Amino acid sequence: MSEAIQERADRADVIDGEAVAAAVRETVSEAVDRLRSEGVTPGLATVLMSDDPASETYVRMKQRDCEDVGIESRHVEIDTDAPQSELFETIDELNADPAIDGILIQRPLTEGVDEPAALRRVDPEKDVDGFHPENVGRLVTGDPRFVPCTPLGIQRLLIEAGVEIPGSDVVVVGRSELVGKPLANLLLGRGDDADATVTVCHSKTDDLAAHVSRADVVVVAAGVPELVTGEMLAPGSTVIDVGINAVGEGDDRELVGDVEYESASKVAGAITPVPGGVGPMTRAMLLRNTVTAAARQSGVDLDLE
Ligand SMILES: Nc1nc2c(c(=O)[nH]1)N[C@@H](CN(C=O)c1ccc(C(=O)N[C@@H](CCC(=O)O)C(=O)O)cc1)CN2
């Protein structure tokens, strides 16, 4: 075997999040056409109260995605030094606005704002992020309405990668409300897309490598650059990297995940890249949740796969 072929044989399959996201957008676009033919124009409001450049980028990307699939988007920007009552009033107005089906409060909010109170204020029927306690509770009790976009995107990537989720050992590294906890609940649910055995690890876990090394699927959402390395993984496992960390300065600046890609891709069977893995799926699932919200609020029967 030539060295080049050997090299390829030793490498994991790359799970292409951009391609899967494009397919989701296509389905969403068809759903938007169906809604429009019934006189319904789906609308998403994005609310930004932060001067974090990454958040500004994500919100811009979400607006562009909406435009691509025919969803109307409205953006509200609130000064970081405004009182939090201004944010709450904005949420109240969007809740009452019939042109808005989905509301997204970009996280993290600026320091000093009561984020849980803001998330509780969003009408649960417009909560396309799935962060309202009512929607969290529904997911936990096995009756999901809106599921957070990143976990939903990860589940779809696993399916597209051919992972047999029922019965598989999934280790989730990270216990955030945004990813770790909802993903664990989603994959613990019943059904062909779930029924997994899930372990959630975190910064106080005693021996992370011991857990990771026996997993069929490892999802890393810890916010620690390159925390999981190839030597921790079981050969052939599926690795989903949720981390997006900017490292280096100037010309050396690059995005790396929470997984050390170089070593992990020599051991794993399949792996998501950063960028181009989970991030595009988070955005695609937001579009999907928004058309679902529009259909629910208008009473149109959409049969989204
Ligand atoms: N209200 C919410 N806030 C946040 C969420 C969320 O789901 N809802 N998730 C994250 C950030 N996030 C969405 O807002 C997000 C992160 C990354 C991407 C993405 O497409 N990333 C690209 C790389 C982009 C770049 O060059 O920087 C990729 O991975 O390929 C989209 C959305 C926190 N806040």
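Colleague: Where does Gly223 lie?

Modeller: In this predicted model, Gly223 is in the loop between strand S7 (217–220) and strand S8 (238–241).

Colleague: Why is Gly223 called partly exposed?

Modeller: Gly223 has 15 other C-beta atoms within 10 Å. A buried residue needs 20 or more, and an exposed one has 12 or fewer. The value of 15 falls in between, so Gly223 is partly exposed.

Colleague: Which residues does Gly223 touch, leaving aside those up to four places away in sequence?

Modeller: Gly223 touches Gly243 and Asp258. Contact here requires C-beta atoms within 7 Å. As for Val170, its C-alpha is 19 Å from that of Gly223, and the two residues are 53 apart in sequence.

Colleague: What makes the phi of Glu226 worth a remark?

Modeller: Its phi is near 55 degrees, a positive value in a residue other than glycine. Most residues other than glycine have a negative phi. Glu226 is also in the loop between S7 and S8. With 19 C-beta neighbours inside 10 Å, Glu226 counts as partly exposed, because being buried would take 20 or more.

Colleague: What is the phi of Asp195, and where is the place of this residue?

Modeller: Asp195 has a phi near 60 degrees, again positive in a residue other than glycine. Asp195 is situated in the loop between helix H8 (180–188) and strand S6 (197–201). It has 15 C-beta neighbours inside 10 Å and therefore counts as partly exposed.

Colleague: How do you know that the span of H4 is close to the expected one?

Modeller: Helix H4 (residues 84–96) has 13 residues, and at 1.5 Å a residue 18 Å is expected. From its first C-alpha to its last, H4 reaches 19 Å, which is close to that value.

Colleague: What puts the buried residues of H4 on the same side?

Modeller: The buried residues are Leu87, Thr90, Ile91 and Leu94. They cover an arc of only 100 degrees around the axis, and therefore lie on the same side of H4. In an α-helix there are 3.6 residues a turn, so residues three or four places apart point the same way. The face turned away from the buried side carries the exposed residues Ser85, Glu93 and Ala96. Among the elements covering the buried residues are strand S2 (43–48) and strand S3 (72–77).

Colleague: Why does the ligand lie between domain 1 and domain 2?

Modeller: Domain 1 (39–131) and domain 2 (148–277) both give residues to the shell around the ligand, so it lies between them. The centres of the two domains, taken over C-alpha atoms, are 27 Å apart.

Colleague: Which residues come nearest to the ligand?

Modeller: Of the 19 residues around the ligand, the nearest are Tyr58, Arg107, Pro275, Gly279 and Thr282. By class, the shell has 10 nonpolar, 6 polar and 3 charged residues. Helix H11 (278–298) gives the most to the shell, with 4 residues.

Methods
Residues are numbered from 1 along each chain as its sequence is written. This is a predicted model: local features need pLDDT of at least 70, side-chain atom pairs count only at pLDDT 80 or more; totals for chains, interfaces and linings use all residues. Helices (H or I, at least four residues) and strands (E, at least two) are DSSP runs, numbered from the N terminus. The expected span of a helix is 1.5 Å times one less than its number of residues. The arc is that of the directions from the helix axis to the C-beta atoms. Two residues are in contact if their C-beta atoms, placed from the backbone, lie within 7 Å. A residue is near a molecule or strand if its C-beta atom, placed from the backbone, lies within 6 Å of it. Ala, Val, Leu, Ile, Met, Phe, Trp, Tyr, Cys and Pro count as nonpolar, Asp, Glu, Lys and Arg as charged, and the others, Gly among them, as polar. Domain bounds come from an automatic or database domain assignment.
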